[in-house]
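Structural labels rest on definitions.

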Amino acid sequence: MGLRRFVIAGLLAGLFAMGVTLSTALAGEPLAVNTPVSGDIAQAGGEAVHPLATAKDDYVEGVLDSGGTPVDLRIVDTEGQPVRLLLDGSVGRTTFRFVAETGHAALRVTARAVGTYTLALTRKLGVGEQLAPRRVHPSPAITALAGALERGEGTDAFWERVAQAGTPLVEPHSAGMVVMTFLVRGARRNVRLLGGPSSDHESLERLGGSDVWFKSFVVPDTTRLSYQIAPDIPEFPGTCRECREAILAQTQVDPLNKHPWPANAPDRFNQDSLVALPAAPPQPGVGVQGAPQGRLTAERFRSERLGNEREIAIHTPAGFDPGNPDNVLLLMFDGQEYRTRMPVPAILDALVAEGRLPPVVGVFIANPDAAARARELPGNPDFAAMLAEELLPWVAERTGLTPRADRTVLAGSSYGGLAAATAALAHPERFGNALSISGSFWWHPDASPRERPEHVAGLVARSERFPVRFFLSAGLFEHGRDGDLGILESSRHLRDVLEAKDYDVAYREYAAGHDYHAWQGVLGDGLLALFGRK
């Protein structure tokens, strides 16, 4: 058979070189799998055609061995027109692969010099023989359930186990890592996850045609986060932003999670679900009972420089002595959230009562409105001047304090963390400490060059060193997406630039996202790093 193939190939090559029509050449015997065909091309530029017998979507592998002769290999159609170049100047033994399309009539070998070759198909698989790879789920429980569904079993037993354990499902993965699977039962059209380990609006996947919707993540075993689910979000024509924001119509607590937050929320739509894995770091001062309570008062404050007014709440610790030189003055942005969503006054009372912190006076600076927040907090020199020239004297008058820069700290999260750093750098004579929680250091003014997206890092690099100490933190789930710079990356870079300028910097990363539940522990860590008593 091999000799016969050699003769046929040689005849085809010779006939084709003499101008025999392609239709005549195609009348020969098609290539068969594992049946090599050899050919002899007697002149440079000579060609040989080998018919194919393939069906649409066949997967084909083959080998062309030309010895020392450079050759080209093409797929051609019934008119002899090239369809695809498979090998270009190939020398020696080379493998080729393709998926057959309608009109794939033959393989054409073109020699660039006189020589011989051997051509063979090594594999040809029809569509029915091409097995889809079995789906591998990170979660062993989901893998087992998928197998059970294939055997015709139901999901009731699975949901009974989930109800007992609570959600999300947590399973071992590797050293220091676990598989965390979020689950929703019985949604009709879709489910989204808000606040999960990706810090994005993640879509859950339906397991076959069952009532199980799931999404798995491999995360550190120190993870702490809060999240909501959004089943059956309305779908409608609109902009990407409008469709994305529709999630807010359905975000709610996970009914299978055993740790709703806060417990006294008015309804399920105003409640989050909490996750704190056993290895998650402790949160200083959180949940401590019985500490002597300080005094909280609130007043309206008007800024002539900014032309607006806002609420300022001042918390003084139990037994407050304004003349104590150890007093710390803490100014917190987004003050309403840090008094309600995060019980910062109670956290301060606990840490002071435990002797871990000196007396701390907390000043909670509310935003006049949402638009003002986005205008004032990101690197606004007028806002920084208002803090130094108007608010600080106002606070001193009401508390009896004589503020010292080395005992005064600006603190905030997100835009507030950005404001803490930029205002301290703008007025180091008033603010000697900056506590930034998940600071938005990706931010830059609109006029910044594209190649310089990190405004604060550049500001530090170009300026002299100021007497300011820093505490910076970021969540491992706050990384950038789609090529954009994230909080994690920009915080790491700012840390490096500050250290290069010989600043006093404490830096922490947490297995968390952009999340008030995690931030309440970060605030305590930051205050202890800056002012903690041994």
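Q: What makes helix H7 (residues 344-353) a mostly covered helix?
A: This is a predicted model, and the count comes from it. Seven of the 10 residues of H7 are buried. Buried means under 20% relative accessible area. So H7 counts as mostly covered.

Q: Which residues of H7 are buried?
A: They are Val344, Pro345, Ile347, Leu348, Asp349, Ala350 and Leu351.

Q: What covers the buried residues of H7?
A: The cover includes three strands, S19 (308-316), S20 (328-333) and S21 (360-365). It also includes the helices H6 (335-340) and H13.

Q: Which residue just after H7 takes a positive phi?
A: Gly355 does, with a phi of about 80°.

Q: Why is strand S4 (residues 71-76) called largely enclosed?
A: Five of its six residues are buried, so the rest of the structure largely encloses S4.

Q: How do you know that S4 and strand S5 (residues 82-90) pair?
A: Two strands pair if there are at least two bridges between them. S4 and S5 have five bridges, in the antiparallel sense. So they count as paired. Within this pair, Leu73 has Leu87 in S5 as its bridge partner. Val71 stands opposite Ser90 in S5.

Q: What lies between S4 and S5 in their hairpin?
A: Five residues lie between them. Gly80 is in the turn and has a positive phi of about 85°.

Q: How many bridges join S4 to strand S7 (residues 106-111)?
A: Six bridges join them, and the two strands run antiparallel. Asp72 stands opposite Thr110 in S7.

Q: What is the order of the four strands in the open sheet that holds S4?
A: The order is S2-S7-S4-S5, with antiparallel pairing. S2 and S5 are called edge strands because each pairs on one side only. From one strand to the next, the twist averages 20°.

Q: What makes strand S12 (201-203) an edge strand?
A: S12 belongs to an open sheet of five strands, ordered S12-S11-S15-S17-S16 with antiparallel pairing. S12 pairs on one side only, and so does strand S16 (260-261). Both are therefore edge strands.

Q: How do you know that strand S11 (residues 191-194) pairs with S12?
A: Three bridges join S11 to S12. Pairing needs at least two, so the pair qualifies. The two strands run antiparallel. His201 in S12 is the bridge partner of Leu194.

Q: Which strands does H13 lie across?
A: H13 lies across S15, S16 and strand S17 (272-276). It runs at about 165° to S15.

Q: Which residues lie nearest the centre of the largest pocket?
A: They are Ser199, His201, Ser414, Arg481 and His514. The lining has 46 residues in all, and the pocket holds about 1,600 Å³ of space.

Q: Which element gives the most to the lining of the largest pocket?
A: S15 does, with four residues. Strand S15 (224-231), helix H5 (240-245), helix H8 (370-376) and helix H13 (516-531) each supply at least two. By class, the lining divides into 14 nonpolar, 17 polar and 15 charged residues.

Q: What phi does Asp57 have, and is Asp57 buried or partly exposed?
A: Its phi is positive, about 75°, although it is not a glycine. Asp57 lies in the loop between strand S2 (47-51) and strand S3 (59-65). Its relative accessible area is 34%.

Q: Where is the peptide bond from Thr167 to Pro168, and is it cis or trans?
A: The bond is cis, with omega near -5°. Pro168 lies in the loop between helix H4 (156-165) and strand S9 (169-174). Most peptide bonds are trans.

Q: What kind of peptide bond joins Trp261 and Pro262?
A: A cis bond joins them, with omega about -5°. Pro262 has its place in the loop between S16 and S17.

Note on methods. Residues numbered from 1 in each chain as written. Predicted model: local features only at pLDDT ≥ 70, side-chain atom pairs only at ≥ 80, totals over all residues. Heavy atoms only, no water. 1 Å grid on protein atoms, 1.4 Å probe; cavity = no way out; pocket = protein on both sides within 12 Å on 5 of 7 lines; lining within 4 Å. Points joined across faces, edges and corners; volume = space filled by probe spheres on them. Nonpolar A, V, L, I, M, F, W, Y, C, P; charged D, E, K, R; others polar. Contact = heavy atoms within 4.5 Å. Axes fitted to C-alpha atoms, helices over the stretch in contact; angles between N-to-C directions. Buried < 20%, exposed > 50% of the residue type's maximum accessible area, 1.4 Å probe, protein only.
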